[in-house]
Amino acid sequence: MNRRATLATLLGRGREKPQAPLLPIVNSGLEPYSGPWAYEQAAHLLRRSMFAPTYTQIKAAAGQGLEATLELLFSELPQPEPPLNYYYQDDPNVPVGATWIDAPYSASANFAPYRNQSLRAWAMLQLFQEGVSVREKLTLFWHNHFAVSNINDAKFMYRHIALLRSNAWGNFRDLVKAVTIDPAMLRFLNGNQNTGNAPNENYARELLELFTIGKGPLAGPGDYTNYTEEDISAMARVLTGWRDIGFNTINPDPEVSSVFLSNRHDNGSKQLSHRFDDIIINNMGQDEYAHLIDIIFQKAEVARFICRKLYRWFIYYHIDDNAEQNVIGQMAQVLIDNDFEIRPALMALLRSEHFFDMLNVGPMIKNPLDFIVSSVKTFEVPLPPELPRLYNTMQRFFSSSILQQMEYFNPPSVAGWKAFYQEPLYYRTWINATTLPIRMLITDAMAGPGFVVNGFRVQIDPLSFVATLENPFDPNAVVEEFSRILFPQPITDGQKAVLKDILIPGLPDYEWTVEYSDYLASPDNAALAEAVASKLRQLLQAMLSMPEFYLS
Amino acid sequence: MKRRKFLKATGAVVSLPILLNGFRLSAMPRRSIFNAISDESDRVLVLIQMNGGNDGLNAILPLDQYDRLANVRSNILIPENEILGITDTVGLHPALAGVRSLFDDARLNILQSVGYPNQNRSHFRSTDIWTSGSPAEESWTTGWMGRFFQGGHPSFPENYPNEEYPHPFAITMGSVVSETCQGTAANFSLTLNDPFSLTPLTEGAAGELSDTPYGQELSFLRTTIAQTNAYADSIQEAAEGGNNTVDYPNGNRLAEQLKNVALLISGGLQTKVYVVSIGGFDTHANQVVEGNTASGEHAELLSQISTAMAAFQADLQQLGLEERVVSLTFSEFGRQIRSNDSLGTDHGSAAPMMVFGKCVNPGILGDNPEIPEQVDNQEGVPMQFDFRDVYGSILMDWFEVPEEEVQNLLYPEFQYLPILEPCTPTKAREANAFEQEIEVNAFPNPFRDWANIRFRTNGEWVKLSIYNGLGSEILVLTNRKLPAGEHEIRFEAHGLPAGNYYLRLQLDGRQKTKSLVKL
C-alpha cells in the first residue's frame, strides 16, 4: 500500500492541506483579564456581546468597570412584549395593536401573511431594543444552533424563539430537553412522524451530530468516534411517540403544545453502542427522551462541543491548539462544574485574558444582522415610535438581511448559517460579489438620504451625532473619534488624511472649525446646517464603506 | 465549421475502446480524448448540486428489482406502469420526461450507484467530501476544482484579473460561493445573481496590513471588493452581448440559473466552471403524496431538473454551443432502501449521477443496484463507482489534465471512466454495451462463516473489497496486480454480524458489485 505514499512524495503538491500562514500566537487562556480597562476594552466587550452598542453605552461601560458591565450584560430581563398585529383589519380575535400569539386561524380568511410579517418585524425590533444585554446575541446563537426553519405557522415559531430567549444563558441540558419536544422542532425534523412502526431518524441524527456531542473522526464502519450509526437507529426509537398540537388550527381551544402518544412509541428495549457504554434503555414512555438526553450529557465531549460553538460565536472562527487546550478545555470544565449552566461558562470566557487579547480584537467579520444594526443603532438613529411605522421600518431592515443571506427564522440548513461551521471560509462566507453591493446599499442610504416610511425619514442625523463628540471643532479629532466609534482597530495616518480630505477637500483645518462654529452660532440657519451636514454625510458614507467597518 | 471537419478526419484515432481492453493504464499514459480536437480553453463545465441527498432509487429505477423494492418501500414506490422505461431494465421517474428525451437524443450518460468507500451520512460532512474530493477519513479544505485552478494559478487572487485572464475562473449562481472552487488562498468562484445589475463598489483608501488575524480578514475584504469591481465589467459585457434562444420554464430556480449560464457563455465569457444548485432533496417526510406516489415533493424537484435541463440543452444547441458544455449532477448521498412511515426516506449511501451534453458517452454506465431479498435496517445502495473517478475522468477529458496530475489532485488509485466521448453522438446504446462484462461469483451464498469469490481478469490491477449495508468498506481482500486468468479469494466473515454485504470488484476502469448474505 505504499503506492499512495510514494506517489505523494513524487508528485509533491496538490492534495496536501494548505499551510496556515504563520501568525503571532495567542497564548492567553481562560484566566481572568488583568490588564487596563478603558474605552477600547469596553467597546470590544459590548460589540461582541451585543448587535451594536451606542457610543454612550460604551463610554458608560468604560466608567463602570469589567465586572459591573458583565453583571449588566447577564442581568435578568422581562420577556419582551409579544409581536403585534400592526395593520390587518379583518382578524375578529386580534384588533390592530393586539397580539396574535394565542389566537386561532380562520377557515375563511388567511391570517398567515400578516402574522408572518409581524413576527419578522418583531424579531428585528428585538435587536434594536436589545439593551446592554447578551440575551439577544444568545437567542440568535441558539437559533443558529437548533436552526429550525420553514415552519409555516407564526405561532409555532414565536413559541420556539421565546423558548430559546427564556433559556438564553440557562441550563444547556434543560434546553435540549425542551427543544426535543418543542412543537416547532417536532415538525422541523419529523419527530412528529417518528413512530415505533417505522422510525424516522432525522431528529436522532442531528441531536447527536449538531445539537449535543458532535461528530468525531470516522473510526470504523458507521462509527463517528462519539457515536455510531447504531446509536442513531436506537435513539430514533427512543424518541418515538411525540406529536405537536395546534398547527395552523382554526379551533380556539388547544394551545400550541406537544403530546406523547404511547401507541406510537416503541416499547422495546434499545441497545446503545460501546460509544455510550453499551447502555440498554428500557421502556420509560414519555420520560424516555429526557433519560436519553441525560445519558448523552454524561459525555464530557458535549461540553467541549458547545464551548467550541460559543467560541466561534463570540471570539473567532479559528480554534488553534492553545485555544483548544487553555480556553475550550477549561471553559468546558466550568460548564460541567456548573451542571451545564451557560451563564458562568460564558461569563468566564468574556472576562478572560484570551477574550481581551489584542489579536482577538477586530478579526470577526460582522454577520448581516450585526452589520445592519451597527449601521443604524451606533448613531442612535431615531425610529418611528408607533405602529405601524415602527414595524414597517423593521420590515425594511429585514428585507436587507434576506439579501445579505441571514434571514431570521430561516437558517439555510439544520447546521445553521455556514459562516459558523464551514471550513475554510467561516465568517468570510458572508462576503462576496452579490452581498457586498447590498451592504453598501444600506450604509450609503443610512449615511445619505435614508428611507422614508409613511412620511418618517429613517437616516443618520450627522449633526446630532457629531455633537456627542469630545471635540467636534477640530477635523482631525472628528476623524479620529469617528474611527474609534466605527472601527475595532486604529487606522493609519494615510487613511486619516484621505478621510479628512473628504470632510474639508483641499482646505486648511480651520475652515472646518469656522464652518462648524458658524452653524452652532445660528443652528436654525438651514443653509449653514446643510453645509456642515452634507460634509459629514460624505465622511460617514466613506467610513461605513471601508472594510474596517465590516469587522468587529 | 473547421472543428467539425477536423473531428471527422481524426475520428478513428480518438476512439477509445483501447482503454478498456485490459492494459494497465499507467503503462500507457492516457491523454484527453479531446486534445487533438479543440482548444480546451473554451470548454465549460456546469455542476448541478442537488442539496439534501437525492433518492436515486426514486429517480432512476431498477426495473428488474421492482418487486424487491415493493417489499420495503411500497408506500412511496411509483406504480410500475407509470415508470418511463429507457432500457429493458432501467426506468425513469415520470417527472423526468425531458431527461428521457435527452437520453434518446444521446445527450445523457447515467452513472449508476456513485459514492465513496465508508459512506458518511452527515449532510455536512458528506457535502464536504463531495466538494473537496477528499477520502471519507480526511478533511481537506480546498475544493476539487479549486485545486485544479490553483495548479495553473498558484498566486491567485494576487494580481487577478489580468490581461491574460480577464474573466472569473468560476461562477457560483447564487449568493454563497461554492466549496467546490475553494483554493488555498481564496475561492476561485464569483457569486452572481443577476448579470445585468452589478453596481461598482467603493474602494476606500487602503492602509497597511498587519500580520495578524485582523490584518488577514481585512486583506480578504479588500481583495474581494477589488475583484468584484474588476470582474463586473466583463460579466456585464457578456450579459449584454449574449442571448437565449428558447423559453425557460417559469418559477423554476434551476432554470433561471441555467438561463444565465447560457447567456454568459454565448456572450463570450471565458469562465470554465459554473455551479448551480437546487435544494430540498432531504425528503425524510412527504417525499410523495400518499396514494399518488408519482407526485409529491421529490417529483416536483425532479420535474424542475428535467424541464430546466431540456431547455438548457435546446438553448445550447441553437446557440451552437453544444460541443462546449458538459453538465453534471451530484448530491451528498442517496437514501436508504427502506422507506419510513412518514412517506419519506432517511440518509443512505450511493446514488446515480447524470452527465448531460453532446460530448457524453451516451447510455448507462454500471449495473442496476441489487436489492436484497431481506433489506437490513438503515441499508443503503452500495457504491459501484467512486465519485472521484467521475471527477477525474472529466478533468482528464474535458480539461486535459494528465492522468498523473489527476491522481495528485484526487487520489492515487484513480480509475478512468469513459463518461465523455468526442462530440458525434448517434443514438443511446444499450446499457453496458461498451463494457466487457466482469465475471464474478461467490459461493456459497448465502453463507455462514466464509464465502469463496471467484473472478476472471485480464492481467490488470485488481481491487476486491467487502462493503456492509451502511456503505462502509469493511475489508479489502486484494489490492494489487494479478496475472490474467481465473482467481479465487476467500472472504472470512467469522465474527461479522449476520446481514447483507456486498463485494466490489474493480478491474481498472470496470467495476461490479454483488450482494452477499451472511446467515
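Student: Which domains is chain A divided into?

Tutor: Keep in mind that we're reading a predicted model. Chain A is split into domain 1, residues 301–360, and domain 2, residues 464–550. To place the two, look at their C-alpha centres: in chain A those of domain 1 and domain 2 are 39 Å apart.

Student: And what is the mean pLDDT of chain A?

Tutor: Read pLDDT as the predictor's confidence in each residue, from 0 to 100. For chain A the mean is 93, with 96% of its residues at 70 or more. Take care with residues 1–21 of chain A, though, where the pLDDT is below 50. Leaving aside near neighbours in sequence, that stretch has 17 contacts in the model.

Student: How many residues does each chain bring to the contact between A and B?

Tutor: Count each side separately: chain A puts in 62 residues and chain B 60. On the chain A side, helices H1 (2–11), H10 (202–212), H11 (229–238), H19 (435–447) and H22 (493–503) each supply at least two residues. By type, the chain A side that touches chain B has 28 nonpolar, 21 polar and 13 charged residues. Be careful with H1 of chain A, residues 2–11, as the pLDDT over residues 1–21 of that chain is below 50.

Student: Over to chain B. How many helices and strands are there?

Tutor: Ten helices and 19 strands. For burial, 53% of the 519 residues of chain B count as buried. Then check how far along the sequence the contacts reach: among those in chain B between residues at least 6 apart, 74% join residues at least 24 apart.

Student: Which domains does the assignment give for chain B?

Tutor: Domain 1 is written in two pieces, 42–195 + 220–435, and domain 2 is 436–519. Their C-alpha centres lie 29 Å apart. Where these two domains of chain B touch, domain 1 contributes 21 residues and domain 2 contributes 22. The domain 1 side of that contact has eight nonpolar, eight polar and five charged residues.

Student: Which strands does E14(B) pair with?

Tutor: Go through the bridges partner by partner. E13(B), residues 440–443, runs antiparallel to E14(B) and is joined to it by four bridges. A hairpin of six residues connects E13(B) to E14(B). E17(B), residues 485–492, also pairs with E14(B) in the antiparallel sense, over eight bridges. Asn452(B) is a handy landmark: Phe443(B) stands opposite it, and Arg490(B) is its bridge partner in E17(B).

Notes: Residues are numbered from 1 along each chain as its sequence is written. Chains are lettered from A and ligands numbered from 1 in the order in which they are written. This is a predicted model: local features need pLDDT of at least 70, side-chain atom pairs count only at pLDDT 80 or more; totals for chains, interfaces and linings use all residues. Domain bounds come from an automatic or database domain assignment. Two residues are in contact if their C-beta atoms, placed from the backbone, lie within 7 Å. Ala, Val, Leu, Ile, Met, Phe, Trp, Tyr, Cys and Pro count as nonpolar, Asp, Glu, Lys and Arg as charged, and the others, Gly among them, as polar. Two strands pair if DSSP finds at least two bridges between them. A residue is buried if 20 or more other C-beta atoms lie within 10 Å of its own, exposed if 12 or fewer, and partly exposed in between; C-beta atoms are placed from the backbone.
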